[in-house]
Amino acid sequence: MKKIVFSLVLSFLVAGFANAAEKIVVGATPVPHAEILEVIKPELAKAGYDLDIKIFNDYVIPNVATDSGELDANFFQHLPYLEEFNKNKGTKLVSTASVHIEPMGVYSKKIKDLNELKKGAKVSIPNDPTNESRALDVLATAGLIELSNATLKTPLDITKNPKNLKFIEIEAASLPRTLDDVDISVINTNYALSVGLNPKKDALALESKDSPYANIVVVNEKNIDSKKTKALNQAIQSEAVKKFIDEKYKGAIIPAF
């Protein structure tokens, strides 16, 4: 009798382990990336996966952790940033799915219109190569500066600066905190949203909707065809996610699929 009971218990344990959901660990910045990932938890659960979202306020650590295998994937960046990161860090990371576009915007606590910007005004911009170039393009489109044809632009590539703007290069996540000290700041939408700024209402200038900087899901290249990656891609490019983005962010963020 004891042997029968033991066998039944063992069978239940084995079945339980066999049916346990496999974990997918994804690194993301809080807004909107982690919020979007929360939406796909039920869909992944149906497919047998438990989505574990790790929050980062940093652009470097989640890429390093994905390359080393500590994370199965990450979701916070666009392709130009990823390509530059791979080039500089020697990582082997690849994009597997485009999810949304976050138009970069110009914000200020001191002026209501860019025409009010005075000569010698202070401007804070991201200090990583791709986002810095992107921010300068936004300012050029707004008519504040002119730029050379360099691929990745820095303030050294400004050919005309009629207002003699003074540029302060800051880590992207810290840009909202500079608004009290600068005249304008060019901020990534995820960091603008995290401090209550709405790009559609609060930005003095906004990146074009045809921007090539779609935010992507990223994995180590060896995992590009894994079952986890395929399940994650399918869930995050669903109609439920598209509807969530449209309803939650009301045009401040745009689906890219």
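**Close-up 1. Lysine 250 in a loop of the predicted model.** In this predicted model, lysine 250 sits in the loop that runs between helix 10 (239-249) and strand 13 (254-255). Take a look at its backbone: phi is near 50°, a positive value in a residue other than glycine. Most residues other than glycine have a negative phi. Lysine 250 is exposed, with a relative accessible area of 60%.

**Close-up 2. Asparagine 164, with a positive phi.** Here we visit the loop between strand 8 (158-160) and strand 9 (166-170), where asparagine 164 is found. Asparagine 164 is not a glycine, yet its phi is positive, about 50°. Its relative accessible area is 41%, so asparagine 164 is partly exposed.

**Close-up 3. A cis peptide bond at proline 32.** Valine 31 and proline 32 are joined by a cis peptide bond, with omega about 0°. Most peptide bonds are trans. Proline 32 belongs to helix 2 (residues 30-39).

Close-up 4. Threonine 178 lies in the loop between strand 9 and strand 10 (184-187). Is this residue, threonine 178, buried or exposed? Threonine 178 is buried, because its relative accessible area is 11%, and the limit for buried is under 20%. Its side chain makes a polar contact of 2.8 Å with the side chain of serine 124. Leaving aside neighbours within four places in sequence, threonine 178 is in contact with Ser124, Ile170 and Ser185.

**Close-up 5. Aspartate 72 and lysine 228 in a salt bridge.** Side chains of opposite charge can pair when their charged atoms come close. Aspartate 72 and lysine 228 form a salt bridge, with the closest N and O atoms 3.5 Å apart. Aspartate 72 is in the loop between helix 4 (61-68) and strand 3 (73-78), while lysine 228 is in helix 9 (residues 227-236), so the pair ties together parts that are 156 residues apart in sequence. A network of salt bridges links Glu22, Asp72 and Lys228.

**Close-up 6. Glutamate 207 and arginine 134, a buried pair.** A salt bridge joins glutamate 207 to arginine 134, the closest N and O atoms being 2.7 Å apart. Glutamate 207 lies in the loop between strand 11 (205-206) and strand 12 (214-220) and arginine 134 in helix 6 (residues 129-141), so this pair ties together parts that are 73 residues apart in sequence. Glutamate 207 counts as buried at 12% relative accessibility, and arginine 134 counts as buried at 3%. In the whole structure, a search finds 8 salt bridges.

Definitions and conventions: Residues numbered from 1 in each chain as written. Predicted model: local features only at pLDDT ≥ 70, side-chain atom pairs only at ≥ 80, totals over all residues. Heavy atoms only, no water. Helix = DSSP H or I, 4+ residues; strand = E, 2+ residues; numbered from the N terminus. Buried < 20%, exposed > 50% of the residue type's maximum accessible area, 1.4 Å probe, protein only. Polar contact = N/O pair within 3.5 Å; in protein donor to acceptor, adjacent residues only side chain to side chain. Contact = heavy atoms within 4.5 Å. Salt bridge = Lys/Arg side-chain N within 4 Å of Asp/Glu carboxyl O.
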